[in-house]
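Subject: Structure handover

Hello,

I am passing on the structure we spoke about. Please look through it first; my notes on what was found follow below.

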Amino acid sequence: MSEKKRLLIYCKECLMPNTRPRQQFNDQGICAACEWNKQKKNSINWKDRWAELGEICNKFKKRNKGRHNVLVPYSGGKDGATIAYMLKHKLGMNPICVTIRPPLEEEIGIQNIKNFIQKGYEHIMITPNREIDRLIDKDNFINKGIPMHAFMISVQTAIYRASLILDIPFVMYAEEGESEYGGSKELRNKKTYAKEDGIKYYLSGVNPNDYINKYNEEDLFWYTYPKEAELKNRDLPELYHWSYFREFVNYDHYLIAKEHCGLLEKTERNQGSIENFSVTDTYLIRLYYYLMYLKFGFGRTSMEVTNEIRRGSMTRNQAVNIAKKFDGEYPDEEHVKKYLEYYSMSLDEYNQVLEKWANKKLFYKNNKNEWTAKFEIY
Ligand SMILES: [Zn+2]
């Protein structure tokens with residue numbers, strides 16, 4: 001094997017490398033997510049899990065009689081739409097869908113929400129304080145290489161608060177990302193997660209309430225968890241993952257959302273991606289995936305083709321060829337312009353942030369000043 005190839009060690013079955021945070025390989029060199037993907041097929045009785053969901057639904061139908069009985073976090077994409085569809089039409093629930101609006105919203109994402117509402121789904125939009133979004137995001141972009149941390153926080157905290165405000169303690173998130181895509185094995189067979197798990201796994205260990213020391217507490221309402229005193233004598237939100245109850249297949253969700261929920265796709269594929277239908281809610285997502293590529297050496301395409309391998313619809317060799325072609329595409333000028341405006345930064349300052357976070361073992365700058373991989377996907 002050439003030196004160039006050896007820079008990253010890949011899972012024998014998919015394209016996730018050893019640089020992925022919390023990545024674990026077994027003795028056969030297979031990553032935890034691929035291992036789990038197989039184990040799920042053999043060890044989980046999905047019929048039993050579905051029946052379990054039915055019982056939970058019945059509990060909340062009784063508790064919330066005559067009103068909404070389940071809260072579905074809905075970004076405008078295929079997963080939330082599919083979950084709302086299944087809850088409403090297959091399980092007889094009365095869902096309320098809640099969208100936390102991200103900064104730099106994409107038009108197609110908004111159109112998808114409008115189409116979804118037209119199909120008879122009830123919906124609430126929460127727009128957190130945009131100035132705080134910007135401050136938190138700029139700080140984390142510069143100091144942690146995370147370009148949209150505020151949104152990631154509010155998807156946890158604002159949903160938590162919405163559940164309390166609406167008095168719907170049944171919250172159905174989509175997939176448990178750690179189990180499905182590689183990372184901790186802790187939540188694999190758990191149907192709910194605690195807010196402490198959310199902090200540990202979904203918010204990079206940052207407790208959102210720590211921001212209270214930094215910004216005005218009132219402005220942070222949607223970015224913080226309620227304090228203990230506010231939770232006294234309340235039914236606390238039970239945070240479930242749909243992937244516990246039903247096999248989580250992205251492509252199936254795309255088909256369901258397209259047929260039943262008015263999901264639109266773009267005419268062109270997303271940059272750095274082979275798909276034209278997922279994560280279309282904010283322009284910042286391109287930067288998010290590009291930074292992931294610069295930090296760890298795998299981008300959005302690698303993740304997508306990995307899903308296809310696990311679904312059995314692509315061979316590993318096909319996936320390698322596709323990822324070589326599209327992974328790590330640089331966000332184009334139009335996008336960068338939006339980012340500079342959002343962060344109030346000059347192009348120089350922006351490039352310095354990328355410079356700071358690019359993994360120099362894996363990348364070098366070519367003579368056009370573009371980050372170029374030293375490694376090869378194999
Ligand atoms: Zn794998």
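**What was found**

Glu247 and Lys41 form a salt bridge, in which the closest N and O atoms are 3.8 Å apart. Please keep in mind that this is a predicted model.

**The two domains**

How many residues of domain 1 are in contact with domain 2? On the side of domain 1 there are 26 residues, and they are in contact with 28 residues of domain 2. Between domain 1 and domain 2 an area of about 2,600 Å² is buried, and carbon and sulfur atoms give 53% of that area. The residues of domain 1 that lose the most area to domain 2 are Trp36, Tyr342 and Tyr343, which together make up 31% of what that side buries.

Polar links were also counted. Five salt bridges are found across the interface of domain 1 and domain 2. The interface of domain 1 and domain 2 also has 16 residue pairs in polar contact, with both residues at pLDDT 80 or more.

**The zinc site**

Which residues coordinate the zinc ion? The SG atoms of Cys11, Cys14, Cys31 and Cys34 do, at 2.3 Å. Along the chain, the donors of the zinc ion follow the spacing C-x2-C-x16-C-x2-C.

The arrangement around the zinc ion is tetrahedral because the four donor atoms subtend angles of 103 to 116 degrees, and all angles between 85 and 135 degrees is the condition for four donors. For comparison, the ideal angle for four tetrahedral donors at a metal is 109.5 degrees.

Are Cys11 and Cys14 buried or exposed? Cys11 has a relative accessible area of 1% and is therefore buried, and Cys14, at 0% relative accessibility, counts as buried too. The cut-off for buried is under 20% relative accessible area.

Regards

Definitions and conventions:
Residues numbered from 1 in each chain as written. Predicted model: local features only at pLDDT ≥ 70, side-chain atom pairs only at ≥ 80, totals over all residues. Heavy atoms only, no water. Donors = N, O, S within 2.8 Å, 3.2 Å for Na, K, Ca; no water. Tetrahedral: all angles 85-135°; square planar, octahedral: opposite > 155°, others 65-115°. Buried < 20%, exposed > 50% of the residue type's maximum accessible area, 1.4 Å probe, protein only. Contact = heavy atoms within 4.5 Å. Buried area = accessible area lost by both parts, 1.4 Å probe. Salt bridge = Lys/Arg side-chain N within 4 Å of Asp/Glu carboxyl O. Polar contact = N/O pair within 3.5 Å; in protein donor to acceptor, adjacent residues only side chain to side chain.
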